[in-house]
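Here are my notes on this one, point by point. Have a look at the model first, then read on.

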Amino acid sequence: MNDTSAQTDPNSTPIITMEGVVKRFGETTVLDHLDFQVAKGEKVTIIGPSGSGKSTVLRILMTLETIEEGMIHVAGKPLWHEYRDGQPVPASEAHLRTMRKEMGMVFQQFNLFPHMTVLRNITESPIHVLGLSKEKAVRRAHKYLDLVGMTEHAEKFPSQLSGGQQQRVAIARALAMHPSIMLFDEPTSALDPELVGEVLTVIRRLSEEHDLTMLLVTHEMEFARQFSDRVCFFDKGVIVEQGPPEMLFTEPREARTQEFLRSFM
Ligand code: ADP
Ligand code: MG
């Protein structure tokens, strides 16, 4: 049932490769031998019903969840394994820390540190995880605050900001770690409708002006159509169908995709 015709261009370098990934929570199989590839610089949107495993894919990549079976490589390195004397062994905490630096994630619920100013939210990890000097981290923070249009709010606390502003800070915070892959898990789902646009505008600008690899889970179908190189429809832990947005949204082949998309019209 997996659609292989729309796979990543074989000439492009994959930055994410998931092969036969199985994820279970107790008796529930959430990812069922998932194969998924993302090319360097590709903008991929994941759509699908609630509970289909979309967040789990991003959380596994972010090393927030382990896997039961399968292989994952990110930027040419195994994610959940490492090699000692040529033998695969479970990844050590040090290896996971290295791998985490490849990825930045933006969550539905912003997750800013409430007791820190906007500026400190952004400088904290570059200083303590990457070892940047305070001056360099502050300079870097201002660059990304400018990119998300939040420069004048640098000294405020999260509670003084709207949801859309908090989410833009969360994006700047992730970018300040200089990840090669950005993961967005329904970044606008918790926002009042009038605030959705400002966050999508930032994500679009990022996609146009940076060669970041981007993975976006969203229900904003019109945005997905404009943003994506490829759209993947997930259901029950597998990719039912995938392809360029003009194909997947206009002439979906699978009944399950058609039914899902109809609920948005
Ligand atoms: P989606 O993001 O597509 O809505 P998720 O990836 O969040 O789906 O969840 C997929 C399935 O895994 C759901 O059935 C959910 O209830 C289950 N699940 C997710 N996280 C956990 C967890 N920590 N413990 C138990 N079940 C979980
Ligand atoms: Mg989810």
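1. Ser207 sits in helix α6 (helices are DSSP runs of H or I, at least four residues, and strands runs of E, at least two, numbered from the N terminus). At 14% relative accessibility Ser207 counts as buried, meaning under 20% relative accessible area, with over 50% being exposed and partly exposed in between, for a 1.4 Å probe and protein chains only.

2. A note on provenance: this is a predicted model, where local features need pLDDT of at least 70, side-chain atom pairs count only at pLDDT 80 or more, and totals for chains, interfaces and linings use all residues. Residues are numbered from 1 along each chain as its sequence is written, chains are lettered from A and ligands numbered from 1 in the order in which they are written, and side-chain values use heavy atoms, with hydrogens and water left out.

3. What does Ser207 touch, leaving aside its neighbours within four places in sequence? Lys43, Met214 and Phe227 are in contact with Ser207 (heavy atoms within 4.5 Å). A polar atom of the Ser207 side chain also lies 2.7 Å from the backbone oxygen of Arg204.

4. Now the sheet: six strands, open, mixed pairing, in the order β8-β9-β10-β3-β11-β12 (two strands pair if DSSP finds at least two bridges between them). β8 (103–106) and β12 (238–243) are at the edges with a single partner strand each, so one side of each has no neighbour in the sheet.

5. β11 (residues 230–235) pairs with β12 in the antiparallel sense over five bridges. Cys232 is opposite Gln242 in β12.

Note on methods. Polar contact = N/O pair within 3.5 Å; in protein donor to acceptor, adjacent residues only side chain to side chain.
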